[in-house]
Amino acid sequence: MDIQVFPLPWSWLHELEFRNAMRLRVFRRQIREEELYRVFGKVTLRSTSGVYQTVIPPVEESSGEAERLSAAYTETLGVRSLDLLHVAHAIILGIKEFLTFDQRRAALAKAAGLHVPEL
């Protein structure tokens with residue numbers, strides 16, 4: 001099977017979640033502020049070197065797909081709004097393989113028909 005690994009799609013939602021998660025690590029004293037900026041720099045470098053590709057999912061399609069996913073899966077999987085948006089973005093962008101460390105998000109992506117490799 002020939003799978004294209006790079007570039008990885010990178011939307012405003014990825015950027016927000018990533019940056020906020022790293023800032024929470026500073027708050028929890030898991031990393032120092034200097035490390036935060038070093039990590040941010042690495043992500044910027046990866047973006048400019050082609051590891052990430054900026055994608056802009058259409059808002060109306062995203063919200064409609066997220067609502068469809070919510071109606072179909074939230075009551076059984078207990079997914080959160082951000083889980084719905086991430087999976088909705090993947091679906092409307094035609095992405096077939098979904099990478100995540102989040103178990104609920106992985107369950108939603110699988111239920112929606114996306115391939116979720118074990119990480």
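Being 3 residues apart in helix 3, Arg-68 and Glu-65 are separated by about one helical turn. Helices here are DSSP runs of H or I with at least four residues, strands are runs of E with at least two, and both are numbered from the N terminus. An α-helix has 3.6 residues a turn, so residues three or four places apart point the same way. The side chains of Arg-68 and Glu-65 meet in a salt bridge, with N and O 2.5 Å apart; the term stands for a side-chain nitrogen of Lys or Arg within 4 Å of a carboxyl oxygen of Asp or Glu.

The structure is predicted, so local features need pLDDT of at least 70 and side-chain atom pairs count only at pLDDT 80 or more, while totals for chains, interfaces and linings use all residues. Residues are numbered from 1 along each chain as its sequence is written, and side-chain values use heavy atoms, with hydrogens and water left out.

Helix 3 spans residues 59-77 and includes Glu-65. With 13% relative accessibility, Glu-65 counts as buried, whereas Arg-68 is partly exposed at 42%. Buried means under 20% relative accessible area, exposed means over 50%, and partly exposed lies in between (1.4 Å probe, protein chains only). Beyond residues up to four places away in sequence, Glu-65 touches Ala-88, Ile-91 and Ile-92, where contact means heavy atoms within 4.5 Å.

At the start of helix 5, a side-chain oxygen of Asp-102 comes to within 3.0 Å of the backbone nitrogen of Arg-104. After helix 5 comes Gly-113, with a positive phi near 95 degrees.

Charged pairs also link separate parts of the chain. Side chains of opposite charge can pair when their charged atoms come close. A search of the whole structure finds 9 salt bridges. In one of them, the side chains of Glu-17 and Arg-105 meet at 3.3 Å, N to O. Glu-17 lies in helix 1 and Arg-105 in helix 5, so the pair ties together parts that are 88 residues apart in sequence. Arg-105 counts as buried at 11% relative accessibility, while Glu-17, at 26%, is partly exposed. Both residues belong to a network of salt bridges that also links Arg-80, Asp-83 and Asp-102. Elsewhere, Arg-32 pairs with Glu-34, their closest N and O atoms being 3.0 Å apart, and Glu-34 is partly exposed with a relative accessible area of 48%.

Pro-9 sits in strand 1 (residues 8-10) and is partly exposed at 29% relative accessibility. Setting aside neighbours within four places in sequence, Pro-9 is in contact with His-14, Gln-53, Val-55 and Ile-95. The C-alpha atoms of Pro-9 and His-89 are 9.9 Å apart, although 80 residues separate the two along the chain.

Finally, Leu-99 is found in the loop between helix 4 and helix 5 and is partly exposed, with a relative accessible area of 46%.

How values were computed:
Polar contact = N/O pair within 3.5 Å; in protein donor to acceptor, adjacent residues only side chain to side chain.
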